[in-house]
Amino acid sequence: MSTEAANAPHTRPVTGDVGLVRVELGPRSYDVHIGSGVRERLAEVVARTGARRTVIVSARPAELVPDPGVPYRTVAARDGEENKTLATVEALCREFADAGLTRDDVVVSCGGGTTTDTVGLAAALYHRGVPVIHLPTSLLAQVDASTGGKTAVNLPAGKNLVGAYWQPLAVLCDTDHLSTLPEREWRNGYGEIARCHFIGAGDLRGLGTVEQITASVRRKAQIVSADERDSGLRHLLNYGHTLGHALETETGFALRHGEAVAVGTVFAGRLAGALGRIGTARVDEHLDVVRHYGLPWRLPADVDADGLVGLMRRDKKAAGSAAGRLAFVLDGPAGAELVDDVPEQVVRECLADMPRA
């Protein structure tokens, strides 16, 4: 695809009714609202908190951020992995302090995945935790980053290595924001939707955008409600991410997150096939789903296998793996599950067999 086509606004209509998903976490439960115009519910949500003021951290124009109904300060943010750093988190905390924010007030994020993650982490750390509401504006942030409470930033050593669990008070996924997304940002989000196919969300191909987002969020909410802190079932959400995160780092983030996860999803299918966990038809299904969404599925031509294996060793799931073995979430007879004893040699063979772009 040409650069012009990749950066052109997406013209596909965003269809579907408003969706609602409840993340059940006892007293910390919250709703995810999905659909056209749901950002206008911000003042209502803020009013329920009793907050006296808010800081809105926005990577979008001011006219796209609704009035929260209380005195507020707007702080400009930038999306993009280069801004997903501890320095950004520190700068945000300084803004919170300068605004006089207390634990009885609320922070609002408005932007893509980077803004959602960095604002969420800053809210988790400032005063040891202040409430946060997310208004995700990219498809990627709406289907994944804004729900579940995982917040993190990157280090030169790898992706999402510094973070905390901090659940939002509410998530408002306004699909009106998606109408201006470049084509490549749609693909970025579709990477997460594609991997949902293999973790129990069902086949989302052919559904409208609101239905795809709602189904993806619903499956994530089910998993997070059962395992908030990655002690077991939540590992399923990392389907395709072990190689995906390594590819992001190895390419200097030339591959966007969803694109890298798409390649990682195809690889996960091949690896499960090589281990005899699934048959050829199911391996092929991984490629069919990824290609349906127009996502990349080949390894970049210049990535180094040794570099990728080294990065995958740093993956949090691999921490308990024996020497010479790696951990992946892989499909199998009973569905996807964490496999923490994958031989490195099999991983290297599958990497060598992957087509190159």
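Guide: Start with a term: buried means under 20% relative accessible area, and exposed means over 50%. Partly exposed is in between. Keep in mind that this is a predicted model.

Visitor: Is Phe 328 buried or exposed?
Guide: The cut-off for buried is under 20%. Phe 328 has a relative accessible area of 4%. Therefore Phe 328 counts as buried.

Visitor: Which kind of aromatic pair do Phe 267 and Phe 328 form?
Guide: By the ring-centre rule, the count comes to 5 aromatic pairs. In the pair of Phe 267 and Phe 328, the centres are 6.0 Å apart, with 50 degrees between the planes. Stacked needs under 30 degrees and edge-to-face over 60, so the rest are tilted. This pair is tilted.

Visitor: How many residues apart are Phe 267 and Phe 328?
Guide: Phe 267 sits in helix α9, residues 257–274. Phe 328 sits in strand β10. The pair links distant parts of the chain, and the separation is 61 residues.

Visitor: Is Arg 325 buried, exposed or partly exposed?
Guide: Arg 325 also lies in strand β10, which covers residues 325–330. Its relative accessibility is 34%. Buried needs under 20% and exposed over 50%. So Arg 325 is partly exposed.

Visitor: Which residue's backbone oxygen does the side chain of Arg 325 reach?
Guide: Arg 325 touches several residues, including Arg 313, Val 342 and Asp 341. Arg 325 and Asp 341 are 16 residues apart in sequence, yet 5.3 Å apart in space, C-alpha to C-alpha. At 2.6 Å, the side chain of Arg 325 reaches the backbone oxygen of Asp 341.

Definitions and conventions
Residues are numbered from 1 along each chain as its sequence is written. This is a predicted model: local features need pLDDT of at least 70, side-chain atom pairs count only at pLDDT 80 or more; totals for chains, interfaces and linings use all residues. Side-chain values use heavy atoms; hydrogens and water are left out. Helices (H or I, at least four residues) and strands (E, at least two) are DSSP runs, numbered from the N terminus. Buried means under 20% relative accessible area, exposed over 50%, partly exposed in between (1.4 Å probe, protein chains only). Contact means heavy atoms within 4.5 Å. A polar contact is a pair of N or O atoms within 3.5 Å; within protein, one must be able to donate a hydrogen and the other to accept it, and residues adjacent in sequence count only if both atoms are side-chain atoms. Rings of Phe, Tyr and Trp (its six-membered ring) pair if their centres lie within 6.5 Å; planes under 30 degrees apart count as stacked, over 60 as edge-to-face and the rest as tilted. Lists of a residue's contacts leave out its neighbours within four places in sequence.
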